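Let's take a walk through a protein together. Have the sequence and the 3D view ready, and look along as you read.

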Amino acid sequence: MTDISWPVWLDDVWAKSPSEEGKPGEGMAAHTWEVLKRLSELIFLRPNLPEMVGFPGLWDSLFWACWLHDFGKAARGFQQCLRDGPRWLHRHEVLSLAFIDWLREILNPEEAQWAAAGIVFHHKDAAEIALRYLGPDESSAEALDSLTGDVGGAVLEGLWRWTAECSPAWIEALDLAGSVRTGRLVSLDEALTVFRRSASVNIRRRLLGLRRWERELGCEKSLVIGALALRGHMTASDHTASAHAGSFLRFPSYQPDELLTRWRLPKNKLYSHQAACLQAEGSAVLIAPTGSGKTEAALLWACSQSYSKKPLPRLFYTLPYQASMNAMYDRLRRKSFPDLVGLEHSRSMLALYRRFLEDEYDRREATRQARWAANLSRLHFFPVRVLSPYQMLKAPYRLKGYEALLTDFFEAAFIFDEVHAYEAKRLAAILSTVKYLRINFGARFFVMSATLPGLLQSWLAEALGSAKIIKATPEVFTAFQRHRLLVQEGEVLEESWLERILREALEGRSVLVCCNTVKRAQQAYGELSRRLNGRGEVVLLHGRFNGRDRLTKERLIQEATGSRSAGRRPVVLVATQVVEVSLDIDLDTIYSDPAPLEALIQRFGRINRRSLKEWAPVNVFTEPADGQQIYEADLVQRSLEVLKRNAERMIDEAGISGWLDEIYQGEVAARWNAAYQEAYEDFEAACLKTLRPFNSNDSLEEMFYRAFDSIEVLPACLEDEYETLIVAGEPLEASQLFVPLSWGQFCKLRQNGLVREGREKWVKIVEVPYSSELGLQAR
C-alpha cells in the first residue's frame, strides 16, 4: 500500500490489544486490511456465489460490512479498555451500525440491510443482540445514547477520510474491481452531523429492521442460504485475520497426470474403474474390491472436478474412525497434497502433537505447533481436510461457527470412504445433510465401497441424485480373490480353538483373533498369553485404551504386521472392531466372532492384504450368535446362514452385494427402512428445516454430542500423573491419559457410583481398574 492509500492518521486507533508488553496494539486499519484480504481470497474461491444464492449484491454487502465491522471500536471506552483500562460494557459491532448511512450512495437499501446483518452479527447471535439493545424499557435507549456519545469528533473525521480516500485504492489493490462497487460517500459535514444528531436512533432503526428481516428469512430458502454465506464469510475472514494465519490456501490445480507422477503410477497401469473416475463429472459411486486403488480413484475424481475456469474450492475426505482419519491425513500429506491437508476430529490436536514429537520436536514446541495446526483447520485454512461426517453435522446442529463451516461447503467435493460403517440412524442424518448440500450448496460427492447392498444403494440414490455408478470389471474382482471362507462350529474361547491358535502362532504365522466385545477380547488375550508363556508375542487392541497406550500398541502392530514394514514378524493380535479399518496391516489368518457380513468383510481385509499367497483362510465361528448387545441378533444369524452356504470356497467380492441383499430383506429390510426413515424425518425437521443464520442452538448442541460423540474419562489410577503433567504445563501429554467411552457406557458407570469429578469439573474420573496391558476393565 502507498502512503496516500493508508490512513496514517488512525494509527493510534487500535482494533486489538498489544500482543507483547511494551508494543502498540494492532491498528484498526491494519486489521481491516487483513480481513479484506481474507475476504478477497474467499471471493476468488467462489466468484459466482452471488448468482448461486440469488443475491447479486452479496460481495458488495460483504466488502462494506468488513470495512465497517470494527468502526465501533473507535469509541473512547473501547480504546481505553485495549490499553488496560476498565472493561467496556457495550458491543462495538452495534455502534458500527451507525456508519452504514455514510454509504447510502454506494449500497441500495437491500444491500445496506445485508451489510448491517454482517456487521452486527459477526460475533453474537441475533437473540443476544436484541435482548441487550431492543428491550422495552428505557435502559436500552440509554445504552445506545451512551454508546454513540463515546466517539470523538477527530476520530469520526478520521474514519470518514479513511473510507472516502482509501477505499477505491484498496478495492483495486485487492483485485476486487469486478466484484465490488466504488462510489461517493456522503459529505464529511453531513456524515458528522447525522452521526451526532441521530446515530442512536439510526442504530435502533437498523436493529428493528434486522429483527424483522431475520424473522422473515424462512419464507424463502435462497435467502437463508445467502444469509448463511453472509455470516460465514464474515466470521471466516475476521477470525482468520485475527489469528494472523495468512492467506487461505487454495486447492492445487493439478492435472491428473501430476498426481499419477507423484504416486509413480503410469496412466496405462490404471484399472478401468480408476480411469472412469477421471471422466466422471459431478457425484459418483464406486464399487471395487479391497486393494484395487479406490483411494487413488477418489482423488483422481476430485481433480477431475477442478478445471481452469472453475477450480475446486475445497476437498473433504470423510472417514468414520479417528485412527483411519489419522492414517489418511498422513497418506494425503505425504503422497498427494504436501502442506495442504488439515485434520479435524475431537482428538486431532493430540494426533498432531504426536506427529510433531515423531519429527523430533521437544514437547513444548510440539504443543505449540499442534495447537497452531489444529487452529488452522478450525479456521478452514486448508483446502484439503480429513474429517468425520460428524464434523460435517456440526453445521445442521448449529454448533458455534456453523455458518463458516457451511460456507466452506459451497461447491466443495466430498469423498465418503467406509460408508458401510454407519448404522441406519446415523446414516440418515449424514445422507440427509448430503442431499441438502447437493441441492443448496452445489456440493459433489464420491462414495466408494467394496460392497453396497441394494438397501444402501437406494438411500444413496435419493441423497446423491443422478450420480454416476462406476464398477470394477469382473476380471478385477476375480484378480483380488484372496480369502478362503471357513465356518467353524463353536466359539473362540473354547479350549480346542485356543490350542489351535496356539499351534498356528508357534508355527510362525501371524494370527488375528477378532472379538465383538472388549471383555471377550481381554479374556482371549489372557488365555493366549498364558498358553504362549513368552514363546510368542501377543498384543491386545481395543477402544478402551488411553491415547498413549493405544499409540504404543498401534506402532508395535504396524511394525510387526504392516504391509510395508521392514520389521515384520509373527504376532498374535487380539482385537475388537477397531481392527476393521484404518490399520494397513497384513496377517496370515483370522479367527473371528460371528458378526454382520459387512463387518466380517472388513476384518478379512486385514488378511493376505498384499496377496503374496494364492489364498489365506478366514475363520468365522458360529457362536455366540446373539449379537452380544453389539449387533442385531438376526443380522448375525442371517450372515451365518449365508456364510455356511458359501463355506469352503474362495470369497468373490463381486458377489458380496448379492449376499448382503439376501440378509437385508424381509423383516430386516423393513426394520432398517423404518428406522432410517424415522431418523431421516426427525433430523430433517429438527435441524435442516429450522436451519437459519445468526441462531446457534444449545439444545441441539447437546443432542449432537449425545448422538455422535463419546466422552473421555480419566482412570483413577492415573489421576496423580495427570495432575503432575498439568502442573508442569504439559496439557497435551496429560490429555493422552484419557480413555474414550460411549455415552451409554459412561451413564452405566455413573449410575453405579463409579464416576466423580476431578479438580476441574469437566474431568470425569472413573473408579475402574486400568492397565497398559489390558486397558479399562469395566465392571
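What follows goes from the whole protein down to a few single residues.

## Before you start

This is a predicted model, where local features need pLDDT of at least 70, side-chain atom pairs count only at pLDDT 80 or more, and totals for chains, interfaces and linings use all residues. Residues are numbered from 1 along each chain as its sequence is written, and side-chain values use heavy atoms, with hydrogens and water left out.

## The whole protein

The protein holds 33 helices and 21 strands. Its radius of gyration is 29 Å, close to the 28 Å that the globule rule gives for 779 residues, so the protein is as compact as a globular protein of that length. Here the radius is taken over C-alpha atoms, and the rule is 2.2 Å times the number of residues to the power 0.38. As for helices (H or I, at least four residues) and strands (E, at least two), they are DSSP runs numbered from the N terminus. Along the principal axes, the C-alpha atoms fill a box of roughly 95 × 60 × 50 Å.

How much of the protein is buried? Buried residues make up 59% of the 779; buried means under 20% relative accessible area, exposed means over 50%, and partly exposed is in between (1.4 Å probe, protein chains only). Now take the contacts (heavy atoms within 4.5 Å). Of those with a separation of 6 or more, 77% are between residues 24 or more positions apart.

## Strands side by side

Find strand β6, residues 384-387. Val 384 and Val 386 sit on one side and Arg 385 and Leu 387 on the other, and all of them are buried. Strand β4 (residues 315-318) runs parallel to β6, joined by four bridges, and strand β5 (residues 341-344) is also parallel to β6, with four bridges. Two strands count as paired if DSSP finds at least two bridges between them. Leu 387 in β6 is a handy spot to look at: Thr 318 stands opposite Leu 387, and Leu 387 is also the bridge partner of Glu 344.

Strand β3 (residues 284-287) is covered too: Ala 284 and Leu 286 point one way, Val 285 and Ile 287 the other way, and all are buried. Which way do β3 and strand β8 (residues 444-449) run, parallel or antiparallel? They are parallel, with four bridges, and Leu 286 stands opposite Met 448 in β8. β3 also pairs in the parallel sense with strand β9 (residues 468-471) over four bridges, where Ile 287 stands opposite Lys 471.

Asp 101 lies in the loop between α5 (92-96) and α6 (109-120). With a relative accessibility of 14%, Asp 101 counts as buried. Leaving out residues up to four places away in sequence, Asp 101 touches Val 186, Asn 202, Arg 205 and Arg 206.

Most residues other than glycine have a negative phi, and most peptide bonds are trans. Asp 339, not a glycine, has a positive phi of about 65°. Asp 339 is in the loop between α15 (322-335) and β5, and is exposed at 64% relative accessible area.

Ser 611 has a positive phi too, about 55°. Ser 611 lies in the loop between α26 (597-604) and β15, and at 34% relative accessibility counts as partly exposed. Lastly, the peptide bond from Glu 623 to Pro 624 is cis, with omega near -10°. Look for Pro 624 in the loop between β15 (616-621) and α27 (633-645).
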